[in-house]
Amino acid sequence: MYLTSQVLRSSEATLLKRSVTQEFQFCSPAVLALAANRAKQSALWPYRGEVLSACSVLLTPASTAEAALALAANNSASSSCSEETIILHLQKRYGDLQIYTYVGDILIALNPFQNLSIYSPQFSRLYHGAKRLDNPPHIFATADAAYQGMVTFCKDQCIIISGESGAGKTESAHLIVQHLTFLGKANNRTLREKILQVNPLVEAFGNACTAINDNSSRFGKYLEMKFTPTGAVMGAKISEYLLEKSRVIKQAIGEKNFHIFYYIYAGLYHQESLKKYRLPEKTAPRYIDSANGKVMQDIVSSKLYKEQFDAIQDCFRIIGFSEEEVNSVYRILAAILNTGNIEFTSITSQHQTDKSEVPNSEALENAAALLCIGPEELQEALTSHCVVTRGETIIRTNTVDKATDVRDAMSKALYGRLFSWIVNRINALLQPDTNMCASESGMNVGILDIFGFENFKKNSFEQLCINIANEQIQFYFNQHIFALEQMEYQSEGVDASLVEYEDNRPILDMFLQKPMGLLSLLDEESRFPQATDQTLVDKFEDNLRYKYFWRPKRVELSFGIQHYAGKVLYDVNGFLEKNRDTLPADIVVVLRTSENKLLQQLFSSPLTKTGNLATSRARVTAASRSLPPQLSAGRSKSPKYLLKVDTMEMMRHPEETTNMRRQTVASYFRYSLMDLLSKMVVGTPHFVRCIKPNDDRQALLFHTERVLQQLRYTGILETVNIRRQGFSHRITFGEFVNRYYYLAFRAHQMPESSKENTVAILKRAKLDNWVLGKTKVFLKYYHVEQLNLLLREVMARVVVLQAYTKGWLGARRYRREKEKRNNGAIIIQSAWRGYTARQNLKQVKRERDKAAVRIQSAYRGHRVRKEIRHSRQLSSSSSPSSAREDTPHRTGSDGQNRKEVGPVRADRQRDVDSKEKSSAEVSVVKTSGDRAIHRRQGPAGKVLKRAPRRRGQQPKLLNSPEDSLYYNQLNRTLDYQGSKRKPRKLGQIKLLDGEDEYYKLLSTAESIPEEEFSSPPPPPPPPSSGPTPATPLSRGALVSQS
């Protein structure tokens, strides 16, 4: 990418000195394709023509792997491709690290044995919806072809990855999943992360190191990615087949156990948690120990194991496993390792000589503690077994060999069921969301990653099953590429030359037919208790009369098979025992009593016909969760361990039938192949052939003979011929017209599904080398690609028109909505403005009312004060005689005789105090002689009162002896209370103690004109122009009545 940016952004001066071709000649084909693609997309490039011409020169068929392969497949040339031509170009491309090559629509992938930087998101975008020949061959192109076929044709797709062990199938499956998740672009980012974490987690439990591959798949995996009709990924599902459980208990020389055992041991060691899981720190468990004894050293020193353990923990967390579930998984794995350390010794008793026992109970107790069961119950289940005879159960002891087989069978069952549970749990966590799309309307892209063909120095029962599965995959390839295609040629009357190919149907019949097939004979011999491996080989030799089977001389217990990939010699040792794979019922019953919920579930759910754990959880009865009391009591009391107890109902699974309990590995294998093929035939297949360039796993090392051998038995050469001569796509007229009528007819026209309309579409698309049959049109593989590109261009133009139309409709709808919103806003604004105006008006009215009240109060006060001043002036101007006449006669102590106040003073008093108009009060006036004068006010007249002095006014003058006497007493009181006065607060008016009471007395006392008690008033002042000042009132001696 850096080189591309440097070339594309080079200055004009540099381009003038050196031509564009010289600039690009050192770029890889991927970079050239990226540059050409970007030049096509940008029409304003200054050197666009030079870049395109340079890319067209440098990206010749010789450099893009089309060479003789593509020319022979695409063109109807008479010359054929030879083996030497294909090998030459493959070797040249492999030397340039161009590991992918097209053979028609089949992708050949050579394992580079190193990391390449051609799988970044930039390359994913480069191969998104692009024409196949526009870019160099790539695994992303195959994934994109499957995705586009699914979206365009609304049909399921299937990508089949095949090849030998170590050819790179697993890594190719990873890359396909990566690109499909990129194309799916799910809105839920977490879902994409979960799907990407599925393969690493499953491979940690299902892959192992073999003699020829460090990451060999020891099981068959079929991953189905589920998409919505619009192409968005919405879930995934895994189907696993034929896990090699025997690897748990024993590995060949130079091989290892499953990866997860080393990962968990290294991770727990660095976390210092080995004691928690009861694992030894110095010596490795027997199941993972190797012949050289360097396992613990590798676990401690290797950083890879610890990093992988951390990655597995992240996988568990991202996918959605709970901490309790992960802890249970670790406990079961640790229990398997401790179970392998259980050893048995034979003891001799008075009655029996073949009895076994556990001399060292440490490993037994560790395993029982991790499994959450009792150690005594586990020991009894390992060293004895129940035999049912005529409805009665007899308990017998096991020999050392038998106890060892039971121990290993329990370990294999634990691991196999745990692996199935993990797969089922992943499927439950990744199941499609029904709210997003119904499961019926969704579409799938299946990816088959199965163990490759194997031929070791010593091949056993596992290699036989693996190679039979590869035979079945090769047969499916031949049927799809050769047989079905040629049968359609004949039925449709198409003149096409038949291509000869190697059909492996006879060898599949030798393996799978009933009742004389190899697997049927193996099951039959496994049912005989006295059968041995020698009798099995003899039965094969007597019944298998095929040229593909032979028995070598001077080699006992072995036979040979001529597979499609070559001859393989099998060692028959252990065939019968591995095929039986029996798990005693005693072990099942004991494990059902575990307090671990996960372990209860593993042995309470039934097995399917393929040997996997059923997804639905079975009901666990009370009898299945506990040991029979008669059985446990009898074992502790009976010295001979011979007790007849009817416990068959307790040991049998509720949903387990007799036939399922007698299933063998061969029968599971047969059903697995049937289930796998039923899923593959539903979708349109896409083939990826992985080739191993050398057996030494060295980069850039190309062994011609080794590659040629793989090309021969995979049928690549025949595929080139049939792709050159034949037609890979055969579509009915109705389906073709319905799919591509946009290319020649208008959208509103619905043409008939006829041959004429088909020809019109093909001519309009300017295609050649197509053939019409009776009911179908026969097309080359590149014809469909060209038609899809033309259809995509038409649809793109339609989308542009729709976009403009939808934009215009949207703009009009927006304008209408905007107008409605504006009108609504205006209505809301007018209503709000009216409301605020009314509120402001009310506020103005309230303020005006308050102002009017203030004005009125001020005016009324002014008028009253004016009248008072006028009345005072009149009173001051009157003669003393009249004043004496108006003075009331003082009475004695009885206070009954009073003279009414004159009318003038009564009128003045009514103006001053109008509130006391209707009340009748008694006023007491005391003179200096302490004589009280009582005056009663009635309706006829009202006694005048002296108005109280307001605070803040000038204090009255002491014009009378009574006032002097009062203030003298008040001063003496203040002098006494001076020390008790509280401090005055800021802003508080200073008041003298007792002054409030004095003012209250003034307000309640009778108002008496001071002129009547004072000396004759002074002469009036001379008249002046200004207002006449009011004469201060003289205060009389007022004493409150106690």
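Predicted model: local features only at pLDDT ≥ 70, side-chain atom pairs only at ≥ 80, totals over all residues.
**View 1. Helix α19 packs against helix α20.** Helix α19 spans residues 461-492, and helix α20 spans residues 505-512. Their axes lie 10 Å apart, at an angle of about 140°. Angles over 145 degrees would count as roughly antiparallel; α19 and α20 are therefore oblique to each other. Their crossing is left-handed. From α19, the contact draws on Leu-464, Ile-468, Glu-471, Gln-472, Phe-475 and Gln-479. From α20, Arg-505, Ile-507, Leu-508, Phe-511 and Leu-512 take part. By class, seven of the contact residues are nonpolar, two are polar and two are charged.

**View 2. Asn-470 is a buried residue of helix α19.** The relative accessible area of Asn-470 is 3%. Buried means under 20%, so Asn-470 qualifies. A polar atom of the Asn-470 side chain lies 2.9 Å from the backbone oxygen of Phe-451. Beyond neighbours within four places in sequence, Asn-470 is in contact with Gly-163, Phe-451, Gly-452, Phe-453 and Tyr-564.

**View 3. Helix α31 carries buried residues covered by helices and strands.** Helix α31 covers residues 704-713. Its buried residues are Arg-706, Val-707, Leu-708, Gln-710, Leu-711 and Tyr-713. Among the elements that cover them are helices α7 (83-95), α19 and α32 (716-725). Strands β2 (106-110) and β17 (684-691) are also part of the cover. Gly-715 follows α31 and has a positive phi, near 80°.

Notes: Residues numbered from 1 in each chain as written. Heavy atoms only, no water. Axes fitted to C-alpha atoms, helices over the stretch in contact; angles between N-to-C directions. Helix = DSSP H or I, 4+ residues; strand = E, 2+ residues; numbered from the N terminus. Parallel < 35°, antiparallel > 145°, perpendicular 65-115°, else oblique. Left-handed = near helix turned anticlockwise from the far one by under 90°. Contact = heavy atoms within 4.5 Å. Nonpolar A, V, L, I, M, F, W, Y, C, P; charged D, E, K, R; others polar. Buried < 20%, exposed > 50% of the residue type's maximum accessible area, 1.4 Å probe, protein only. Polar contact = N/O pair within 3.5 Å; in protein donor to acceptor, adjacent residues only side chain to side chain.
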